[in-house]
Amino acid sequence: MNTQLQTPERVAEIRRHTKETNVRVSLGLDGRGEARIGTGIPFLDHMLELFARHGLFNLEVECRGDLHIDDHHSVEDIAISLGHAFVEALGDKAGIARYGSALIPMDEALCRVVIDLSGRFYLVYQVKTRRQTIGNFSVELAEHFWRSFAESCRCNLHIDVIRGRNTHHILEATFKGTARALRQAVERDAKIEGVLSTKGVL
């Protein structure tokens, strides 16, 4: 008889339906970086695909939004749903590393991301860009994406671009960096009993 304990699968599916958007996010934390993304915003699709790949998350995102108005509502609701998916998949956060960081170059751009899955929301976003749009993606919404994500994920998230000129490279580095930092933060550590906090809860 095999008495070895099975490690619970860390997955979540979030559905968010409003008068502005209809979003479904499926997330597997212990995946292989497989992605199926369809948001109606090609640049955001690209960012979420590389987010999944570099975080080694299995990620599906579907969104039907009011893009005839603009991309704001879709970007916001996708970020909210993704944050909720991380919360649900992590459960009580027992045994996770909690903290993660990454330093990511993308040609001339260099981005630093640090995250704490603390249960408290805070965002620091120090990113300067030159362009206003990439395709039909409003560049100003990149900050709003990460603010909405961090708030719904209830984490501290610091994103700093140290240098960079090309807006595509800069934003790509922020998504890759956040993915890598999250990958570290959600990793299980056998030496951690319960949660990594003197409070006993995250």
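**Burial, core and strands**

Modeller: Buried residues make up 51% of the 202 residues in the chain. Keep in mind that this is a predicted model.

Colleague: What radius of gyration does the chain have, and why does that agree with a compact globule?

Modeller: The chain has 17 Å, and a compact globule with 202 residues would have a value near 17 Å, so the two agree. The C-alpha atoms fill a box of roughly 55 × 40 × 30 Å along the principal axes.

Colleague: Which residues touch the most other members of the largest nonpolar core?

Modeller: That core has 62 residues. Phe51, Phe86, Leu117, Phe145, Trp146, Phe149 and Leu157 touch the most other members. Helix H4, residues 167–186, gives the most to this core, with nine residues.

Colleague: What is phenylalanine 149 in contact with, leaving aside neighbours within four places in sequence?

Modeller: Ala79, Leu82, Gly83, Phe86, Cys155, Leu157 and Leu182.

Colleague: Switching to secondary structure. How many helices and strands are there?

Modeller: Four helices and ten strands.

Colleague: How many bridges join strand S2 to strand S4, and do they run parallel or antiparallel?

Modeller: Eight bridges join S2 (residues 21–28) to S4 (residues 58–65), and the strands run antiparallel. Threonine 21 has glycine 65 in S4 as its bridge partner.

Colleague: And in which sense do S3 and S4 pair?

Modeller: S3, residues 35–38, pairs with S4 in the parallel sense over four bridges. There, alanine 35 stands opposite leucine 59 in S4.

Colleague: Is the β-α-β unit of S3, helix H1 and S4 left-handed or right-handed?

Modeller: Left-handed, with H1 covering residues 42–55.

How values were computed
Residues numbered from 1 in each chain as written. Predicted model: local features only at pLDDT ≥ 70, side-chain atom pairs only at ≥ 80, totals over all residues. Heavy atoms only, no water. Core = buried A, V, L, I, M, F, W, Y, C linked by side-chain atoms within 4.5 Å. Buried < 20%, exposed > 50% of the residue type's maximum accessible area, 1.4 Å probe, protein only. Helix = DSSP H or I, 4+ residues; strand = E, 2+ residues; numbered from the N terminus. Contact = heavy atoms within 4.5 Å. Pairing = 2+ DSSP bridges. Right-handed = clockwise from strand over helix to strand, strands pointing away. Rg over C-alpha atoms; globule rule 2.2 N^0.38 Å.
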